[in-house]
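Start with the sequence and the model below.

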Amino acid sequence: MVLYYVPLLCIKHFSHRMKKALITGILGQDGPYLAKLLLEKDYKVYGLIRRYSNPNFENINYLGIADDIEYIEGDLTDESSLMNIIKNIRPDEVYNLGAQSFVHSSFEQAKLTTEVNSLGVLYLLNAIKQFNPTARFYQASTSEMFGLGNDGGFQDEKTAFHPRSPYGVAKVYAYWITVNYRESYGMFTANGILFNHESPIRGKQFVTRKVTDGVARIKYGLQEKLHLGNLEATRDWGFAGDYVEAMYLMLQADTPDDYVVATGEHHSVEELVTLAFKHAGITDWKKYVAIDPRFVRPAEVPHLRGRATKAREKLGWRPKVSFEELVKMMVDADLKRYEEKN
Ligand code: NAP
Ligand code: GDD
């Protein structure tokens, strides 16, 4: 019996080829969570980084995986760099998370946002088509594409797009070029239409982290007021760690498709603020919040709430972390950061 099994085990061992994944946006919020998930699944992970005078590895360090990734220099706006990277690595899976992702800045930097978020996707698809057409491609699409569009208060894969920012408009192009390369060239391309997702490594410009960081600073006497814009907007907020699992599942499916990823719950910015202060033991939050027109947008997306039935039924995906748990996790992480500094 033993002699019979040993050769089989050896064959299994040597026939195993490590899958290769390329992640753009590796140093942002989602990049580190996705990289961690893929490393746990035994992938070789390559991360595209821009040239920096001072690289910022804070997020990837936070998850403790900085040394497990192979970093490659390139830029989504530089087609030749993407061609070379795809030609040299020949990844099995490409996750395009890189973007100018801050909606507010896209009004001031519409051209840059379009170059990175629209043309960058076209360049990457062209590089894959030319040098590695069997690679599976994930595009980080977004609920911002819906903008004003909704069907009875919810958005899903059938809801019409009506974007409200240069960011949203650029992402609509990216969405359709991803669909088009699938339909035209038979490439395995998938759009994840993800609703807002957050974590302790969310950028501090985004409202959740701005609030949890502000609450911690106020708690430790480092800041007097938190300046915010529209408190009435509602968002469907989930946890980034849950959402990267959906990205992975989309590329493991038998056929490529597009999926909404959301919790199905929505909350206002005011609810977020109330809960975050309360969790830090501050009940009279109005004393510490000032409404500041600088943070109001020329055009707002008032309400986002996703229906992720398709992802649940076809991918078996569902969120695990609730809104309350998410806010608590982020407030606790920021309190800990300032506690350690004190
Ligand atoms: P993020 O934290 O802002 O990270 C974006 C990353 O893109 C950063 O690492 C940035 O690099 C990189 N990048 C920017 N311009 C680039 C360029 N020209 N070439 C190469 N890389 C570039 O965003 P995120 O929250 O992780 O989101 C990941 C993706 O999902 C984005 O495409 C975003 O638009 C989309 N999305 C996010 C959400 C959400 O709620 N988080 C929801 C839906 C869709 P640096 O580190 O050098 O700045
Ligand atoms: N950032 C920010 N700062 N937003 C504020 C503030 C403030 O001071 N005050 C109110 N808000 C409101 C915004 O007007 C918006 O309605 C809401 O809070 C959420 O803003 P952000 O956290 O900046 O996120 P977003 O919804 O605009 O965009 C994020 O989610 C998209 C998916 O729907 C980003 O991650 C995008 O990249 C992503 O595509």
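## Around ligand 2

Ligand 2 has 24 residues around it, and the nearest are Ser-101, Thr-142, Ser-143, Tyr-167 and Arg-297. Keep in mind that this is a predicted model.

A polar backbone atom of Ser-101 is 2.6 Å from an oxygen atom of ligand 2. Val-207 also uses a polar backbone atom, 2.8 Å from an oxygen atom of ligand 2. Glu-300 uses its side chain instead: a polar atom there lies 2.7 Å from an oxygen atom of the ligand. On its own, ligand 2 has 710 Å² of accessible area, and the protein covers 96% of it.

Which elements each supply at least two residues of the shell around ligand 2? They include α8 (207-219) and β8 (226-228). By class, this shell holds 10 nonpolar, eight polar and six charged residues.

## Around ligand 1

Asp-30 places a backbone N or O atom 2.8 Å from an oxygen atom of ligand 1. A polar backbone atom of His-197 is 2.9 Å from an oxygen atom of the ligand. Ligand 1 exposes 890 Å² when taken alone, and the protein buries 87% of that.

| Ligand | Residue and its atom | Ligand atom | Distance |
|---|---|---|---|
| Ligand 1 | Asp-30, backbone N or O | oxygen | 2.8 Å |
| Ligand 1 | His-197, polar backbone | oxygen | 2.9 Å |
| Ligand 2 | Ser-101, polar backbone | oxygen | 2.6 Å |
| Ligand 2 | Val-207, polar backbone | oxygen | 2.8 Å |
| Ligand 2 | Glu-300, polar side-chain | oxygen | 2.7 Å |

## A pair of helices

Now turn to α4 (residues 79-89) and α6 (residues 110-131). These helices pack at an angle of about 35°, and their axes are 9 Å apart. The crossing of α4 past α6 is right-handed.

From α4, the contact uses Glu-79, Leu-82, Met-83, Ile-86 and Lys-87. From α6, the residues met include Gly-120, Tyr-123, Leu-124, Ala-127 and Phe-131. Eight nonpolar, three polar and two charged residues make up the contact of α4 with α6.

Definitions and conventions: Residues numbered from 1 in each chain as written. Chains lettered and ligands numbered in written order. Predicted model: local features only at pLDDT ≥ 70, side-chain atom pairs only at ≥ 80, totals over all residues. Heavy atoms only, no water. Polar contact = N/O pair within 3.5 Å; in protein donor to acceptor, adjacent residues only side chain to side chain. Areas by Shrake-Rupley, 256 points an atom, 1.4 Å probe, with all protein chains shown as cover. Axes fitted to C-alpha atoms, helices over the stretch in contact; angles between N-to-C directions. Helix = DSSP H or I, 4+ residues; strand = E, 2+ residues; numbered from the N terminus. Left-handed = near helix turned anticlockwise from the far one by under 90°. Contact = heavy atoms within 4.5 Å. Nonpolar A, V, L, I, M, F, W, Y, C, P; charged D, E, K, R; others polar. Near = heavy atom within 4 Å.
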